[in-house]
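Here are my notes on this model, as numbered points. Please read them with the structure open.

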Amino acid sequence: TKMISTQYFIFFFFFLFSFVSSHDTSIIFTTLGRSTYAFDIFALPTTHPRTEFQLTDGNSVNFNGHFPASLPPSLLSRLPDDDSVNSGKLAFHLIYVTERNGTHHVFYDAVFHGVGERRAILEFPPQTESTRVQVPLVGFEQSGGRVSMKDKPSLSGEFLIYVSTHEDSGVPRTSWAAVYSTHLGSGLTRRLTPKGVADFSPAVSPSGVWTAVASYGEKGWSGEVEELATDIYVFMTRDGSGRVKVVEHGGWPTWADEYTLYFHRRCDDGWWSVFKAVLPKSGVDSVSTQRVTPPGLHVFTPASSPANKNLIAVATRRAGSEYRHIELFDVVSKKFTEITKPVSPHAHHLNPFFSLDSSWVGYHKCRGSGNGRGSDTLLLENLRNPIPGISLFRIDGSFPSFSPNGDRIAYVRLPGLYVVNYDGSGLRQISSRTAFSTAWDPKRKGVIYTSFGPTFASESTEVDIISINVDDEDLSYKQMTIGGQNNAFPSPSPDGKWIVFRSGRSGHKNLYIMDALEGEVGGLRRLTEGSWTDTMCNWSPDGEWIAFASDRENPGSGSFEMYMIHPNGTGLKKVIQSGTGGRTNHPYFSPDGKYIVFTSDYAAVSAEPISNPHHYQPYGDIYVIKSDGSDIRRLTHNSYEDGTPAWGPTFIKPVDVEWPNGGHPCSFKDCHWLNVRPTASVMDASFGLGSAKIECAQ
């Protein structure tokens with residue numbers, strides 16, 4: 001099956017031509033915590049773990065590894081000669097996901113290390129070229145030149161099995177995540193997931209005949225952000241045929257043998273636990289499931305041992321620890337063995353996997369700043385944009401905005417308001433107060449509008465809009481609104497005379513327009529009115545339209561659509577909505593006013609949220625659309641929370657910009673909903689709680 005169709009090329013070039021007028025511009029957005037990940041893949045021996053071995057090269061973000069059982073000829077031909085391989089060196093063969101060069105790839109690395117040496121497998125800078133053989137397997141080029149997310153790869157013979165998001169589902173608020181098989185010799189790729197279905201977390205059986213996935217089937221995503229409401233399906237790896245649901249309610253499957261699966265599930269007693277499913281040799285009516293890990297701690301993302309089907313590696317969150325750790329669990333003796341905590345107690349360790357002989361367990365964690373490479377924490381990370389001529393950057397901050405000529409960026413860090421030049425120089429903290437939603441005055445040089453006060457607060461919360469000239473030495477500010485009734489999201493008109501903003505002063509968050517110099521005391525009028533929320537407003541460059549997000553179709557539901565309205569209150573129209581119950585937020589006009597960039601759950605979720613650090617809403621991606629609501633285009637593909645985009649008038653050179661002060665590596669948080677209950681008791685550690693449902697107690 002070829003990945004590129006004639007229809008795709010026709011659409012691509014038509015869309016590309018339509019964007020010519022928006023070339024030589026830049027889009028910037030934020031991703032919660034992502035800039036601090038610095039993930040690398042590490043390994044520890046399963047007996048007497050003492051020193052972590054770093055397996056990946058410290059370049060960008062590397063995660064979700066897999067030790068292949070064997071290597072196909074296409075990879076064996078890339079290795080050094082036999083003398084080099086068999087010269088007493090320890091060899092690790094690793095398949096993993098990497099986000100380098102602005103997009104996702106799946107890489108194969110062969111790493112050779114002297115057995116007698118007690119140090120990391122790869123020091124920085126690299127020792128010699130022969131230390132590592134690195135082969136890109138699938139990525140931007142292999143996906144037909146389409147930006148996409150890659151996830152959870154594994155190798156079965158000559159075939160690479162993995163998740164990709166390169167095909168549009170065609171239905172709003174439906175995941176693009178699907179499982180594919182790529183033949184490494186020929187490059188031919190086959191979709192294994194049926195059209196109209198999304199699959200996550202694939203695992204190939206030891207024989208390679210079967211693949212298990214977490215999937216919604218045909219029911220689709222309903223907006224959950226913690227545990228996905230997936231079931232476990234099994235199908236034939238060669239072509240996706242024979243697909244059948246074997247377990248209701250489960251995720252992250254792993255094979256112990258051809259008929260035994262482990263998977264995780266959050267039970268109604270509140271604990272994430274690992275379950276065992278025994279499949280019959282024919283049919284699925286008699287599939288038996290059993291809870292194998294006890295309540296009293298969270299246990300998830302299991303990995304089966306190829307050498308011992310009663311041994312699994314798991315991630316855990318225990319009472320008294322703020323960190324996610326890797327442990328071994330014997331399903332017969334019911335005993336845990338700590339792996340990472342004795343070696344690296346104050347770090348999060350994610351998504352374990354075993355070597356073929358089970359003597360090593362791999363996982364990924366933040367490599368920190370002690371690897372000899374300097375900071376490598378990025379203030380601005382360049383991403384590959386599917387629309388050429390528009391540079392795309394992720395900033396390590398929130399609510400960014402460009403100065404009128406595009407040479408400076410304002411952003412917030414919750415708390416704190418900052419300004420920096422687009423090349424990373426001149427970084428200054430303007431205020432230490434909690435601020436959000438920045439905007440530059442188009443006529444008065446150096447003037448920024450923002451809001452002081454808490455985010456995500458009620459209508460009556462004290463939040464006020466202020467203006468501040470960041471070029472003044474005293475950095476004094478002027479309060480623009482009065483009363484503090486959640487006044488936020490200021491956006492000035494292109495002539496600099498007016499500011500549109502949202503306010504909760506009526507008891508509901510609606511839009512208002514006030515004088516840009518004196519604030520509301522110089523003139524105030526209401527733009528929208530209703531018992532709903534209108535928010536996140538942005539004024540078009542020609543002054544004719546104001547774009548905003550609104551839940552007016554279902555107030556209080558959390559569902560937001562994008563609308564446009566004339567500044568005089570006429571011409572209200574809907575631009576786009578994300579299916580039923582979806583979100584389209586933070587609209588921002590292109591410099592020519594013909595397009596709008598925004599964040600949305602239009603492509604639902606792309607991975608199980610528990611496999612990542614914390615994201616409040618692990619579904620947001622960045623999109624652009626024509627201001628008439630046509631030609632929607634997805635820019636970002638990942639399993640994170642992308643948001644608060646802004647569109648600037650100049651083209652920023654597409655290179656990464658490191659933090660001038662080193663940044664804050666490893667400062668991300670684990671999933672907040674994994675915090676262990678302080679009331680967890682010793683009794684919780686026993687099986688068969690009476691209050692648990694059968695599906696969790698068995």
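1. A cut-off comes before the rest: a residue is buried when its relative accessible area is under 20%. The model is predicted.

2. Leu228 has a relative accessible area of 5%, under the 20% cut-off, so Leu228 is buried. This residue is found in a loop. The loop runs between β13 (210–217) and β14 (231–236).

3. What is Leu228 in contact with, leaving aside its neighbours within four places in sequence? The partners are Phe200, Tyr216, Trp221, Val605, Ala607, Glu608 and Pro609.

4. The whole chain gives the setting. Contacts between residues at least 6 apart in sequence were counted, and 55% of them join residues at least 24 apart. The chain has 4 helices and 49 strands. Of its 698 residues, 60% are buried.

5. Now the surface. The accessible surface of the chain comes to about 26,800 Å². Carbon and sulfur atoms account for 51% of that area.

6. Next, the largest nonpolar core, which holds 30 residues. Which of them touch the most other members? They are Val419, Ile448, Phe489, Val500, Leu527, Cys537 and Ile546.

Key. Residues numbered from 1 in each chain as written. Predicted model: local features only at pLDDT ≥ 70, side-chain atom pairs only at ≥ 80, totals over all residues. Heavy atoms only, no water. Helix = DSSP H or I, 4+ residues; strand = E, 2+ residues; numbered from the N terminus. Buried < 20%, exposed > 50% of the residue type's maximum accessible area, 1.4 Å probe, protein only. Contact = heavy atoms within 4.5 Å. Areas by Shrake-Rupley, 256 points an atom, 1.4 Å probe, with all protein chains shown as cover. Core = buried A, V, L, I, M, F, W, Y, C linked by side-chain atoms within 4.5 Å.
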